[in-house]
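Thanks for coming, everyone. Please bring up the structure on your screens, and we will walk through it together.

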Amino acid sequence: MVLKIGAIGCSDVAKRQFFPAINSSQLANVEYIGSRSLKKAEEWAKKYGCSKFGTYDDVIDSNIDAVYISLPIGLHEEWTLKAAKAGKHVLCEKSSTTSYESAKKMVKTGKENNIRILEGFAFRFHPQHKQIRELICREIGELHNFYGIYGFPLPLEDNIRWKKELGGGVLNDVSCYPIYASRLVFQSEPISVLSHLEFDKKFDVDKSADVILKYPNEKTAFVSSGFNNYYQSKYSVWGSKARISTKRAYAVPRDYKTSVYLDKNDKISETIIPPVDQFAIMFDIFCNVITNNIKNPYDFENDLLEQAKLMESIRISSHEKRLVPLSEIK
Ligand SMILES: NC(=O)c1ccc[n+]([C@@H]2O[C@H](COP(=O)([O-])OP(=O)(O)OC[C@H]3O[C@@H](n4cnc5c(N)ncnc54)[C@H](OP(=O)(O)O)[C@@H]3O)[C@@H](O)[C@H]2O)c1
(Lines give C-alpha, C1' and ligand atoms only; values in the text may rest on other atoms or scores of the structure.)
Protein backbone atom coordinates (compact mmCIF):
# COMPACT_ATOMS: atom_id res chain seq x y z
CA MET A 1 0.00 0.00 0.00
CA VAL A 2 1.35 3.42 -0.97
CA LEU A 3 0.23 6.05 1.52
CA LYS A 4 -1.18 9.42 0.52
CA ILE A 5 0.45 12.18 2.55
CA GLY A 6 -0.61 15.80 2.92
CA ALA A 7 1.86 18.52 3.85
CA ILE A 8 0.60 21.28 6.13
CA GLY A 9 2.85 24.33 5.84
CA CYS A 10 5.40 25.12 3.16
CA SER A 11 8.25 25.42 5.64
CA ASP A 12 12.01 25.44 5.49
CA VAL A 13 12.22 22.00 7.08
CA ALA A 14 9.64 20.58 4.64
CA LYS A 15 11.74 21.84 1.74
CA ARG A 16 15.03 20.54 3.13
CA GLN A 17 13.88 17.27 4.72
CA PHE A 18 10.32 16.15 4.04
CA PHE A 19 10.08 16.54 0.25
CA PRO A 20 13.43 14.87 -0.53
CA ALA A 21 12.50 12.02 1.83
CA ILE A 22 9.02 11.40 0.44
CA ASN A 23 10.22 11.72 -3.13
CA SER A 24 12.70 8.92 -2.55
CA SER A 25 10.31 6.75 -0.51
CA GLN A 26 8.56 3.71 -2.00
CA LEU A 27 5.96 3.85 0.76
CA ALA A 28 4.21 7.17 0.20
CA ASN A 29 3.40 9.97 -2.21
CA VAL A 30 2.67 13.63 -1.66
CA GLU A 31 -1.04 13.91 -2.33
CA TYR A 32 -1.87 17.44 -1.15
CA ILE A 33 0.08 20.57 -0.22
CA GLY A 34 -1.45 23.16 2.10
CA SER A 35 -0.35 26.71 2.76
CA ARG A 36 -1.82 29.95 4.08
CA SER A 37 -1.06 31.31 0.62
CA LEU A 38 -2.73 29.62 -2.34
CA LYS A 39 -0.04 30.99 -4.63
CA LYS A 40 2.71 29.42 -2.53
CA ALA A 41 0.80 26.12 -2.31
CA GLU A 42 0.46 26.07 -6.10
CA GLU A 43 4.15 26.87 -6.64
CA TRP A 44 5.22 24.14 -4.23
CA ALA A 45 2.76 21.64 -5.75
CA LYS A 46 4.26 22.32 -9.18
CA LYS A 47 7.79 22.06 -7.85
CA TYR A 48 7.18 18.73 -6.09
CA GLY A 49 4.96 17.11 -8.75
CA CYS A 50 1.78 17.18 -6.68
CA SER A 51 -1.53 17.87 -8.43
CA LYS A 52 -3.54 19.00 -5.38
CA PHE A 53 -3.00 22.12 -3.31
CA GLY A 54 -5.03 24.47 -1.13
CA THR A 55 -5.51 25.58 2.45
CA TYR A 56 -4.58 23.57 5.53
CA ASP A 57 -8.28 22.65 5.89
CA ASP A 58 -8.36 21.42 2.29
CA VAL A 59 -5.52 19.04 3.15
CA ILE A 60 -7.35 17.73 6.22
CA ASP A 61 -10.64 17.32 4.30
CA SER A 62 -9.02 15.38 1.45
CA ASN A 63 -8.62 11.60 1.08
CA ILE A 64 -5.08 11.51 2.49
CA ASP A 65 -3.94 8.87 4.99
CA ALA A 66 -1.57 11.05 7.00
CA VAL A 67 -0.28 14.59 7.38
CA TYR A 68 3.16 16.03 7.89
CA ILE A 69 2.82 19.14 10.07
CA SER A 70 5.73 21.57 10.03
CA LEU A 71 4.12 24.70 11.39
CA PRO A 72 5.36 26.97 14.19
CA ILE A 73 5.25 24.94 17.42
CA GLY A 74 2.38 27.00 18.84
CA LEU A 75 0.12 25.76 16.00
CA HIS A 76 0.95 22.05 16.24
CA GLU A 77 -1.84 21.21 18.69
CA GLU A 78 -4.59 22.88 16.65
CA TRP A 79 -3.68 21.11 13.42
CA THR A 80 -2.89 17.77 15.04
CA LEU A 81 -6.34 17.77 16.66
CA LYS A 82 -8.00 18.65 13.36
CA ALA A 83 -6.09 15.93 11.52
CA ALA A 84 -6.81 13.35 14.24
CA LYS A 85 -10.52 14.11 14.27
CA ALA A 86 -10.54 13.63 10.48
CA GLY A 87 -8.89 10.21 10.97
CA LYS A 88 -5.47 11.18 9.55
CA HIS A 89 -2.24 9.93 11.10
CA VAL A 90 0.17 12.68 12.11
CA LEU A 91 3.90 13.15 11.72
CA CYS A 92 4.36 16.36 13.69
CA GLU A 93 7.60 18.30 13.81
CA LYS A 94 9.33 18.73 17.14
CA SER A 95 8.60 20.08 19.63
CA SER A 96 5.17 18.46 19.52
CA THR A 97 3.61 21.34 21.42
CA THR A 98 4.09 23.98 24.11
CA SER A 99 2.71 22.31 27.25
CA TYR A 100 2.10 18.92 28.83
CA GLU A 101 -1.62 19.62 28.94
CA SER A 102 -1.62 20.20 25.21
CA ALA A 103 0.40 17.02 24.54
CA LYS A 104 -2.08 14.98 26.58
CA LYS A 105 -4.93 16.43 24.53
CA MET A 106 -3.15 15.53 21.28
CA VAL A 107 -2.50 11.94 22.33
CA LYS A 108 -6.01 11.45 23.78
CA THR A 109 -7.62 12.73 20.58
CA GLY A 110 -5.32 10.53 18.51
CA LYS A 111 -6.29 7.44 20.51
CA GLU A 112 -10.00 8.27 20.33
CA ASN A 113 -9.72 8.47 16.57
CA ASN A 114 -7.45 5.46 16.20
CA ILE A 115 -4.61 7.34 14.54
CA ARG A 116 -0.88 7.40 15.30
CA ILE A 117 1.12 10.53 16.21
CA LEU A 118 4.88 10.65 15.88
CA GLU A 119 6.93 13.60 17.15
CA GLY A 120 9.53 14.21 14.45
CA PHE A 121 12.84 13.75 16.24
CA ALA A 122 14.53 12.43 13.10
CA PHE A 123 17.98 12.42 14.67
CA ARG A 124 17.13 9.45 16.87
CA PHE A 125 17.03 7.23 13.76
CA HIS A 126 20.65 7.95 12.80
CA PRO A 127 22.70 4.75 13.24
CA GLN A 128 25.39 6.60 15.22
CA HIS A 129 23.25 6.37 18.36
CA LYS A 130 23.08 2.59 18.11
CA GLN A 131 26.85 2.58 17.71
CA ILE A 132 27.16 4.75 20.83
CA ARG A 133 24.90 2.44 22.81
CA GLU A 134 27.04 -0.53 21.80
CA LEU A 135 30.20 1.33 22.84
CA ILE A 136 28.58 2.25 26.14
CA CYS A 137 27.84 -1.44 26.81
CA ARG A 138 31.33 -2.59 25.83
CA GLU A 139 33.68 0.19 26.86
CA ILE A 140 32.40 2.77 29.29
CA GLY A 141 32.31 0.83 32.55
CA GLU A 142 29.80 2.53 34.80
CA LEU A 143 27.90 5.19 32.85
CA HIS A 144 27.64 8.46 34.80
CA ASN A 145 27.07 11.64 32.82
CA PHE A 146 25.62 12.96 29.57
CA TYR A 147 26.65 16.38 28.18
CA GLY A 148 24.55 17.73 25.32
CA ILE A 149 25.07 21.04 23.57
CA TYR A 150 23.14 22.53 20.68
CA GLY A 151 23.18 26.11 19.49
CA PHE A 152 23.64 28.34 16.49
CA PRO A 153 23.95 32.01 15.51
CA LEU A 154 20.99 34.31 16.08
CA PRO A 155 17.93 33.66 13.91
CA LEU A 156 16.73 36.69 11.90
CA GLU A 157 14.28 38.95 13.73
CA ASP A 158 11.25 37.80 11.70
CA ASN A 159 11.94 34.11 12.36
CA ILE A 160 9.21 32.05 14.08
CA ARG A 161 11.75 31.22 16.79
CA TRP A 162 11.39 34.76 18.20
CA LYS A 163 7.58 34.72 18.25
CA LYS A 164 6.19 34.08 21.70
CA GLU A 165 2.62 33.61 20.43
CA LEU A 166 3.84 30.90 18.02
CA GLY A 167 5.66 28.84 20.65
CA GLY A 168 9.09 30.32 19.88
CA GLY A 169 12.17 30.14 22.07
CA VAL A 170 15.23 28.01 22.39
CA LEU A 171 13.80 25.35 24.70
CA ASN A 172 11.01 24.29 22.33
CA ASP A 173 13.15 24.59 19.23
CA VAL A 174 16.70 23.60 20.17
CA SER A 175 17.21 22.32 23.73
CA CYS A 176 14.54 19.68 23.10
CA TYR A 177 17.15 17.74 21.03
CA PRO A 178 19.88 17.18 23.66
CA ILE A 179 17.14 16.67 26.26
CA TYR A 180 15.67 13.95 24.06
CA ALA A 181 19.15 12.53 23.39
CA SER A 182 19.78 12.12 27.13
CA ARG A 183 16.60 10.00 27.37
CA LEU A 184 17.79 7.95 24.42
CA VAL A 185 21.27 7.40 25.84
CA PHE A 186 20.15 6.59 29.39
CA GLN A 187 17.13 4.58 28.12
CA SER A 188 15.10 5.91 31.03
CA GLU A 189 13.23 8.99 32.21
CA PRO A 190 14.62 11.61 34.63
CA ILE A 191 13.56 11.86 38.26
CA SER A 192 14.04 15.60 38.67
CA VAL A 193 15.23 18.70 36.81
CA LEU A 194 16.83 22.01 37.60
CA SER A 195 16.92 24.61 34.86
CA HIS A 196 17.55 28.20 33.96
CA LEU A 197 16.02 29.80 30.87
CA GLU A 198 17.36 33.21 29.91
CA PHE A 199 14.71 35.39 28.24
CA ASP A 200 15.34 37.90 25.49
CA LYS A 201 14.24 41.38 26.57
CA LYS A 202 12.91 42.39 23.18
CA PHE A 203 11.04 39.23 22.15
CA ASP A 204 10.23 37.77 25.56
CA VAL A 205 11.16 34.24 24.52
CA ASP A 206 13.90 32.09 26.03
CA LYS A 207 17.16 32.52 24.12
CA SER A 208 19.40 30.22 26.14
CA ALA A 209 18.70 27.24 28.33
CA ASP A 210 20.83 25.37 30.86
CA VAL A 211 19.32 22.23 32.29
CA ILE A 212 20.43 19.55 34.75
CA LEU A 213 18.45 16.33 34.58
CA LYS A 214 18.85 13.80 37.36
CA TYR A 215 18.28 10.23 36.12
CA PRO A 216 17.88 7.02 38.15
CA ASN A 217 21.01 5.24 39.43
CA GLU A 218 22.98 8.45 40.00
CA LYS A 219 23.18 9.41 36.34
CA THR A 220 23.07 13.06 35.34
CA ALA A 221 22.52 14.92 32.08
CA PHE A 222 23.79 18.47 31.53
CA VAL A 223 22.23 20.33 28.62
CA SER A 224 23.19 23.75 27.27
CA SER A 225 21.71 25.44 24.27
CA GLY A 226 21.20 28.88 22.89
CA PHE A 227 20.64 31.22 20.02
CA ASN A 228 23.69 33.43 19.42
CA ASN A 229 26.24 30.64 19.64
CA TYR A 230 29.01 29.25 17.50
CA TYR A 231 27.33 26.30 15.76
CA GLN A 232 27.52 23.13 17.85
CA SER A 233 25.34 20.02 17.62
CA LYS A 234 26.93 17.43 19.91
CA TYR A 235 26.80 15.19 22.91
CA SER A 236 29.22 13.12 24.93
CA VAL A 237 28.89 10.51 27.63
CA TRP A 238 31.31 9.89 30.44
CA GLY A 239 31.74 6.78 32.54
CA SER A 240 34.19 5.09 34.87
CA LYS A 241 36.40 3.73 32.07
CA ALA A 242 35.92 5.93 29.01
CA ARG A 243 34.31 8.91 27.37
CA ILE A 244 32.36 8.69 24.09
CA SER A 245 31.46 11.67 21.94
CA THR A 246 29.74 12.60 18.69
CA LYS A 247 31.03 14.87 15.95
CA ARG A 248 27.53 15.94 14.96
CA ALA A 249 24.44 14.65 16.73
CA TYR A 250 21.16 16.38 15.88
CA ALA A 251 21.07 18.08 12.49
CA VAL A 252 23.06 15.69 10.33
CA PRO A 253 22.88 16.45 6.60
CA ARG A 254 22.10 13.42 4.42
CA ASP A 255 25.50 13.57 2.70
CA TYR A 256 27.49 14.04 5.92
CA LYS A 257 29.92 11.42 7.10
CA THR A 258 29.84 11.64 10.87
CA SER A 259 32.04 10.14 13.55
CA VAL A 260 31.88 8.68 17.01
CA TYR A 261 34.96 9.01 19.23
CA LEU A 262 36.01 6.69 22.01
CA ASP A 263 38.44 8.24 24.49
CA LYS A 264 39.95 5.43 26.55
CA ASN A 265 43.36 4.68 28.07
CA ASP A 266 44.66 8.05 26.81
CA LYS A 267 43.86 7.12 23.20
CA ILE A 268 41.07 8.48 21.01
CA SER A 269 39.70 6.11 18.37
CA GLU A 270 37.28 7.21 15.68
CA THR A 271 34.45 5.22 14.12
CA ILE A 272 33.24 6.76 10.88
CA ILE A 273 29.51 6.45 10.22
CA PRO A 274 28.61 6.63 6.52
CA PRO A 275 26.03 9.25 5.44
CA VAL A 276 22.34 8.43 5.85
CA ASP A 277 19.13 10.41 5.45
CA GLN A 278 17.87 10.31 9.03
CA PHE A 279 14.63 12.05 8.11
CA ALA A 280 13.95 9.48 5.36
CA ILE A 281 14.56 6.64 7.83
CA MET A 282 12.08 8.21 10.26
CA PHE A 283 9.56 8.82 7.50
CA ASP A 284 9.64 5.21 6.29
CA ILE A 285 9.30 3.91 9.86
CA PHE A 286 6.26 6.15 10.35
CA CYS A 287 4.71 4.81 7.11
CA ASN A 288 5.51 1.20 7.97
CA VAL A 289 4.00 1.55 11.44
CA ILE A 290 0.74 3.05 10.20
CA THR A 291 0.37 0.33 7.56
CA ASN A 292 1.26 -2.31 10.18
CA ASN A 293 4.20 -3.50 8.07
CA ILE A 294 6.38 -3.34 11.15
CA LYS A 295 5.66 -3.54 14.84
CA ASN A 296 6.07 -0.35 16.81
CA PRO A 297 9.82 0.20 17.22
CA TYR A 298 8.79 2.17 20.33
CA ASP A 299 5.58 3.66 21.67
CA PHE A 300 5.33 6.93 19.68
CA GLU A 301 2.62 8.49 21.80
CA ASN A 302 4.06 7.58 25.18
CA ASP A 303 7.41 8.91 24.01
CA LEU A 304 5.79 12.21 22.99
CA LEU A 305 4.11 12.45 26.40
CA GLU A 306 7.30 11.71 28.36
CA GLN A 307 9.19 14.37 26.41
CA ALA A 308 6.38 16.91 26.90
CA LYS A 309 6.27 16.18 30.63
CA LEU A 310 9.99 16.80 30.88
CA MET A 311 9.77 20.04 28.90
CA GLU A 312 7.02 21.19 31.26
CA SER A 313 9.13 20.43 34.34
CA ILE A 314 11.98 22.47 32.83
CA ARG A 315 9.70 25.48 32.29
CA ILE A 316 8.43 25.23 35.87
CA SER A 317 11.92 24.81 37.32
CA SER A 318 13.19 27.94 35.61
CA HIS A 319 10.09 29.97 36.38
CA GLU A 320 9.96 28.98 40.05
CA LYS A 321 13.76 28.76 40.48
CA ARG A 322 13.71 25.33 42.11
CA LEU A 323 14.38 21.66 41.55
CA VAL A 324 11.27 19.99 40.16
CA PRO A 325 10.60 16.28 40.70
CA LEU A 326 9.00 14.75 37.62
CA SER A 327 6.45 13.05 39.88
CA GLU A 328 4.94 16.53 40.37
CA ILE A 329 3.88 16.81 36.75
CA LYS A 330 0.44 15.25 36.32
N1 LIG B 1 14.27 24.34 10.02
C2 LIG B 1 14.76 23.22 10.52
O3 LIG B 1 15.92 22.84 10.30
C4 LIG B 1 13.93 22.33 11.36
C5 LIG B 1 14.43 21.11 11.58
C6 LIG B 1 13.67 20.26 12.30
C7 LIG B 1 12.46 20.65 12.76
N8 LIG B 1 11.97 21.87 12.58
C9 LIG B 1 10.66 22.20 13.12
O10 LIG B 1 9.77 22.38 12.03
C11 LIG B 1 8.80 23.38 12.34
C12 LIG B 1 8.90 24.49 11.33
O13 LIG B 1 10.20 25.07 11.38
P14 LIG B 1 10.84 25.83 10.14
O15 LIG B 1 12.16 26.31 10.53
O16 LIG B 1 10.75 24.95 8.96
O17 LIG B 1 9.83 27.07 10.04
P18 LIG B 1 9.42 27.99 8.81
O19 LIG B 1 10.33 27.82 7.66
O20 LIG B 1 9.19 29.36 9.37
O21 LIG B 1 8.02 27.37 8.38
C22 LIG B 1 6.89 27.41 9.17
C23 LIG B 1 5.69 27.40 8.24
O24 LIG B 1 4.52 27.49 9.03
C25 LIG B 1 3.51 28.17 8.34
N26 LIG B 1 2.91 29.19 9.21
C27 LIG B 1 1.64 29.18 9.67
N28 LIG B 1 1.39 30.23 10.43
C29 LIG B 1 2.52 30.96 10.47
C30 LIG B 1 2.84 32.19 11.08
N31 LIG B 1 1.96 32.88 11.83
N32 LIG B 1 4.09 32.68 10.89
C33 LIG B 1 5.00 31.99 10.16
N34 LIG B 1 4.73 30.82 9.54
C35 LIG B 1 3.50 30.29 9.70
C36 LIG B 1 4.15 28.77 7.08
O37 LIG B 1 3.73 27.97 5.98
P38 LIG B 1 2.73 28.54 4.89
O39 LIG B 1 3.16 29.94 4.62
O40 LIG B 1 2.89 27.63 3.75
O41 LIG B 1 1.36 28.48 5.50
C42 LIG B 1 5.65 28.61 7.30
O43 LIG B 1 6.33 28.38 6.11
C44 LIG B 1 9.09 23.80 13.77
O45 LIG B 1 8.35 22.99 14.63
C46 LIG B 1 10.58 23.47 13.94
O47 LIG B 1 10.94 23.25 15.28
C48 LIG B 1 12.68 22.71 11.86
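Lys202 and Glu157 are both exposed. Keep in mind that this is a predicted model. These two side chains form a salt bridge, with the closest N and O atoms 2.9 Å apart. Now look at where they sit. Lys202 is in the loop between strand E8 (192-199) and strand E9 (206-215). Glu157 is in the loop between strand E7 (143-152) and H7.

Which residue forms a salt bridge with Lys164? Asp204 does, and the closest N and O atoms are 3.1 Å apart. Lys164 is partly exposed, at 47% relative accessibility. Asp204 is partly exposed too, at 36%. There is also a network: Lys94, Arg161 and Asp173 are joined by salt bridges that share partners.

Next, a pair inside one helix. Asp12 and Arg16 meet in a salt bridge, at 3.1 Å from N to O. How many residues apart are they in helix H1? They are four apart, which means they are separated by about one helical turn of H1 (residues 12-24). Asp12 is partly exposed, with a relative accessible area of 44%. Arg16 is partly exposed as well, at 43%. Across the whole structure, the search finds 21 salt bridges.

Find Glu93 in strand E5 (residues 89-93). Is Glu93 buried or exposed? Glu93 is buried, and it has no salt bridge. The nearest side chain of opposite charge is Lys94, 5.4 Å away. A salt bridge here needs nitrogen and oxygen within 4 Å. Leaving out residues up to four places away in sequence, Glu93 touches Val13, Tyr68, Ile69, Ser70, His76, Gly120 and Phe279.

On to helix packing. Two packed helices are described by the angle between their axes and the distance between the axes. Take helix H7 (residues 170-186) and helix H9 (residues 300-320). Their axes come within 11 Å and cross at roughly 115°. The crossing of H7 and H9 is right-handed. On the H7 side, the contact residues include Leu171, Cys176, Ile179 and Tyr180. On the H9 side, they include Leu310, Met311 and Ile314. What kinds of residue make up the contact of H7 with H9? Seven are nonpolar, two polar and four charged.

Last, the backbone. Most residues other than glycine have a negative phi, and most peptide bonds are trans. Here are some exceptions. The peptide bond joining Lys94 and Ser95 is cis, with omega about -25°. Ser95 sits in the loop between E5 and helix H5 (100-112). Asn228 has a positive phi, near 70°. Look for Asn228 in the loop between strand E10 (219-227) and strand E11 (232-239). Asn228 counts as exposed, at 55% relative accessibility. Asn292 also has a positive phi, near 60°. Asn292 is in the loop between helix H8 (278-290) and H9. At 66% relative accessibility, Asn292 counts as exposed.

That is the tour. Thank you.

Conventions:
Residues numbered from 1 in each chain as written. Predicted model: local features only at pLDDT ≥ 70, side-chain atom pairs only at ≥ 80, totals over all residues. Heavy atoms only, no water. Helix = DSSP H or I, 4+ residues; strand = E, 2+ residues; numbered from the N terminus. Buried < 20%, exposed > 50% of the residue type's maximum accessible area, 1.4 Å probe, protein only. Lys, Arg positive; Asp, Glu negative; His and termini not counted. Contact = heavy atoms within 4.5 Å. Axes fitted to C-alpha atoms, helices over the stretch in contact; angles between N-to-C directions. Left-handed = near helix turned anticlockwise from the far one by under 90°. Nonpolar A, V, L, I, M, F, W, Y, C, P; charged D, E, K, R; others polar.
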